[in-house]
Amino acid sequence: MSKGRRAKNTRSEVLQGTLDLMILKTLQAMGPLHGFGIARRLELLSQDVLHLNEGTVYTSLLRMQQAGWIAAEWGASENNRKAKFYSITKAGIRQLAKETEDWERISGVIGRVLTT
Amino acid sequence: MSLPNLWQRIRNTARDRSPDVEFQAEIEEHVRLLAEHYRGQGMTEEEACLAARRQFGNQTLIQEDRRAKKIIPVIESLQGDLVYAARMLRKNPGFAVAAAVTLTLGIGANTAIFSVCNAVLFKPLPFYEPDRIVMLWEQTATGAVMTVAPANFADWRNESRSFSEMAALNPNSSFILPSQNETARLAGAAVSSNFFSLLGVRFALGRNFLAEEDRPGANHVAILSYRVWQERFGADRDIIGRQVKLNDTSYTVTGVLPADFRFGSSAADFQPRNQGVVDQFLVNAPGDQFDIWAPIALNAEKLQRGTHPLRVIARLKPGVPLAQAQAELNVIATHLAHQYPADNRDKGIAAVPLKEQATGTVRVALQMLLIAVGLVLLIACANVANLFLSRAAARRSEMAVRVALGAGRGRIAQQLLTESLLLAGIAGTAGFFLALIVISVLSPYLPADLSRAGGVRPDARILAFTASISVASGIVFGLGPLFGTARAQAGEWLKASNRVAGGGQSLLRNGLAVAQIAIALILLIGTGLMVRSFVKLIHVAPGYRSEGVLTGRLSLPRSRYPDNHQIAVFERGLLEQLEGSPAIQSAGFTTYLPLSGSDNGWAFLIEGRPPLPTGIFNFAKYRPVSAGYFETLGIPILRGRSFTRGDEREGSPWVVVINESMARKYWGAEDPIGQRLRFGSATWRTVIGVVGDVRHEGLGGEMKPEMYVPMEHAPNVESGPTIVVRTALDAGSASAQLRESVSAVDRTIPVDRIETMDQLLSRSVAQPRFRTVVLAAFSILAFVMASIGVYGVINYLVIQRTREFGIRMSMGATQTDVLRLVLRRAAALIGAGTFLGVAGAVLLVRFITKLLFQTAPVDPLTFAAVPVVLAIVALTASYVPARRATRVDPMIALRYE
């Protein structure tokens with residue numbers, strides 16, 4: 001039981017890191033969005049390269065909410081249904097800047113390693 | 001995990017499940033939208049739903065993940081554990097009740113004693129920064145402390161720099177307050193004007209004395225206690241500035257003290273107190289609180305160095321430690337000794353923190369009881385741990401299944417601890433209420449010096465104490481089974497199924513039994529010593545016959561009884577009145593009744609002896625009495641004669657009766673009769689008789705030289721004499737007769753403190769009796785619990801080895817063999833426990849040396865008898881299961897399991 005959970009954790013860890021970054025960027029670029037909207041945007045941008053279980057978006061949202069990077073608020077969706085809208089906080093913007101920098105640095109290094 | 005996050009989690013854990021529902025709705029909405037989205041791309045309804053679900057992933061997993069993130073898993077499982085633990089307790093009511101009752105007794109007893117300690121020892125005194133208040137005493141070369149001479153007080157106050165303020169109190173005054181229905185005598189005190197400001201008292205009404213009121217002539221002002229204001233003045237708010245008649249003199253009321261103002265719980269709190277053994281056995285006078293306060297108005301006439309009436313309090317300046325103040329006082333003392341050798345030779349000054357002063361004699365006793373009751377709780381925990389161990393063995397397969405299903409050790413520990421803490425929580429709650437009941441039932445029986453505990457209220461500190469000992473004991477007895485279970489592996493447990501405990505567990509069990517016996521023995525030996533000491537104390541001959549004697553204190557106002565002659569006339573009138581009654585056998589007067597807590601002494605000179613060096617005195621206690629006093633109290637006349645009415649007549653020769661100790665100390669083999677001595681006045685007094693010694697300060701007190709003089713020739717005006725009456729009447733009708741006779745002579749004279757001599761004697765040993773009885777109760781509780789503990793261990797051993805005994809008996813072992821086998825094991829445990837207990841007792845008794853009266857701490861009789869009795873009882877307790885072992889039917893035993 002515990003072994004199974006650990007395996008899942010390691011797998012999602014990799015995904016989560018990048019997923020967080022992508023969601024933060026999305027929220028920064030698009031403003032407040034509900035979960036479905038975020039998933040659509042990511043689908044659009046990834047152009048089917050990235051396969052995403054959309055449920056994991058919520059796990060990520062929750063985690064970032066606890067970290068204080070994003071905030072949630074109830075509002076009405078496009079067709080006037082009750083939906084939760086997520087928006088990026090100031091701490092989230094700082095985090096996004098930091099993670100973007102990290103990502104660029106690491107991908108730069110990996111890129112150099114792979115091309116030489 | 002950040003702090004706000006943790007807080008969020010705790011809240012989420014405790015909160016309802018509505019966020020779960022909300023989240024579920026959010027997820028479902030997402031899936032619905034997704035399905036719509038796919039339908040828009042041309043899928044059929046069914047395909048779209050399916051695709052949406054697939055695209056979204058596992059909903060349950062996300063929901064669970066979310067929950068794990070939002071809460072603290074330990075706490076969530078705790079809820080389950082609690083429910084489970086409660087169910088386990090309900091399913092084993094016998095076990096639950098036995099364990100809960102044992103613990104309730106232990107925790108209840110601890111809470112009760114702690115509450116008393118809390119009220120008496122731990123609570124800060126109700127003054128402003130009480131830790132900086134000290135009492136100052138004169139100290140003799142032998143280290144004994146005594147009250148202070150006014151002139152010395154004035155010098156200390158002028159010369160010291162360590163104190164921000166210093167104030168004096170003279171408790172030796174009383175006020176007579178006339179009223180329509182009943183004239184009352186009120187305890188009064190004269191104080192310096194800064195007395196209340198030093199303590200930091202906020203007045204309920206009015207104000208403190210002014211400095212200019214603390215001068216002779218201006219000092220007819222008074223401050224009332226709250227009680228007197230309520231009871232005598234009907235809580236009249238206009239009392240301030242009014243005139244009240246006290247001792248036939250007018251006083252202006254300047255203030256009323258707050259309701260909770262108390263200066264000491266009993267008068268004894270502010271007696272000079274020496275840290276000796278004897279101290280624990282002296283009388284503590286009934287706790288009169290002062291009701292009337294007047295300025296002390298020290299003038300040149302009062303500023304003497306030869307009399308010592310004052311109690312001195314002082315407030316340390318901020319930042320000045322006690323040791324520094326004491327060093328300064330030492331310098332002042334040396335200086336004063338040099339300057340006034342006649343009075344201050346070899347005199348030191350002792351500074352005692354007020355708190356220490358106020359709890360002097362009860363501190364040791366209460367600390368002892370607190371330790372004793374703590375030991376009782378340990379035994380109770382050991383018993384409950386034993387019960388838990390037995391049950392852990394029975395639940396072995398349950399634990400094995402849990403481990404096999406993946407429960408970690410931490411998880412199992414959590415569950416077991418939940419069970420023991422639930423039990424401890426139940427017992428703690430019950431114990432708390434038990435303690436409240438015990439205290440309210442026992443309050444009236446508390447000795448005077450513990451009376452502060454009478455008004456004990458449950459406060460946060462007591463609750464915290466009960467909660468922490470409950471949790472601590474829950475952990476202590478909950479850990480036992482944990483150690484037991486942690487050793488074995490799940491697989492072995494499963495295989496062993498119902499078989500018996502391993503070596504680790506029985507070692508733990510035996511250890512617990514040995515510890516229980518040892519602790520119970522320590523308590524029992526302590527009790528044995530206290531009982532022996534108490535029996536010795538109450539068998540001390542007091543020097544008088546207490547039965548059939550009634551006493552009562554009179555108060556004669558100075559205005560109408562200005563001198564001893566007037567007083568003696570009144571006394572004779574009353575005695576004649578009483579002697580007219582056939583039920584009264586005899587009657588007499590004294591000023592300082594034995595056991596009353598009041599006393600006085602005088603330095604004297606013997607005629608014809610060479611003068612003594614400066615600062616050295618002949619000193620004896622002095623007692624003005626009337627004719628008939630010795631006869632009434634039954635003090636034997638050893639030589640010479642007693643006082644007669646003739647000795648009290650005006651112009652009769654001055655005479656004195658001395659006691660045996662005084663005769664021995666100052667005349668040795670010589671006959672003192674006919675010798676002359678003088679004190680208090682220039683007239684020589686002839687010794688006419690020698691009487692037996694009286695234990696004035698209590699049964700545990702020392703015999704001191706005493707001299708008796710007729711009231712008429714007393715050097716002080718004795719306005720508060722005590723009458724003693726020997727009568728065949730019961731106390732009720734005797735006191736009615738006494739009051740009647742007094743009002744027949746003078747209607748306005750109040751009589752108070754009407755008590756029989758037997759009551760005084762009984763109260764004088766109240767504190768030793770209290771601590772002996774309470775300790776005995778604890779020891780018996782400990783004794784019973786320890787015996788049950790031994791029984792439990794042997795019982796378990798018999799169950800454990802039933803099969804083995806069956807085999808042995810089928811192989812030819814006799815019943816006696818089996819009995820011997822079991823009892824030998826019991827004897828080994830008891831022997832080890834007894835040995836450890838005796839060793840522990842030898843180490844610990846020295847802490848109660850102060851509480852023992854004429855009893856050696858390592859009293860051979862106690863140390864021999866108590867272990868034997870304990871061993872016999874414990875062996876008997878183990879005989880019951882041992883007996884059962886011999887009745888094992890080999891066939892049944894072999895089929896056992």
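Biologist: In what sense do β15(B) and strand β20 (residues 706–710) of chain B pair, and over how many bridges?

Modeller: First, the ground rules. This is a predicted model, where local features need pLDDT of at least 70, side-chain atom pairs count only at pLDDT 80 or more, and totals for chains, interfaces and linings use all residues. Residues are numbered from 1 along each chain as its sequence is written, while chains are lettered from A and ligands numbered from 1 in the order in which they are written. Now the idea. Strands of a sheet pair through backbone hydrogen bonds, either parallel or antiparallel. Two strands count as paired if DSSP finds at least two bridges between them. Strands are DSSP runs of E, at least two residues long, and helices are runs of H or I, at least four; both are numbered from the N terminus. Here, β15(B) and β20(B) pair in the parallel sense over five bridges. Look at B:Y622: its bridge partner in β20(B) is B:M707.

Biologist: In what sense does β14 (residues 601–606) of chain B pair with β15(B)?

Modeller: That pairing is antiparallel, over four bridges. Find B:F604, whose bridge partner in β15(B) is B:N618.

Biologist: How many residues of β15(B) are buried?

Modeller: Buried means that 20 or more other C-beta atoms, placed from the backbone, lie within 10 Å of the residue's own; 12 or fewer is exposed, and in between is partly exposed. Strand β15(B) spans residues 618–625, and six of its eight residues are buried.

Biologist: Why does B:S555 count as buried?

Modeller: B:S555 counts as buried because it has 22 C-beta neighbours inside 10 Å. It sits in the loop between β12 (549–554) and α18 (564–579) of chain B. B:V742 is 187 residues away along the chain, yet the two C-alpha atoms are separated by 11 Å.

Biologist: Which strand order does the open sheet of chain A have?

Modeller: The order of its three strands is β1-β3-β2, with antiparallel pairing. β1 (33–34) and β2 (70–76) are the edge strands, each pairing on one side only. Seven bridges join β2(A) to β3 (residues 82–88) of chain A. One example is A:A76, whose partner in β3(A) is A:K82.

Biologist: How many residues does each chain bring to the contact?

Modeller: Residues are in contact if their C-beta atoms, placed from the backbone, lie within 7 Å. Chain B brings 17 residues and chain A brings 15. On the chain B side, α2(B) gives the largest share, six residues.

Conventions. Two residues are in contact if their C-beta atoms, placed from the backbone, lie within 7 Å.
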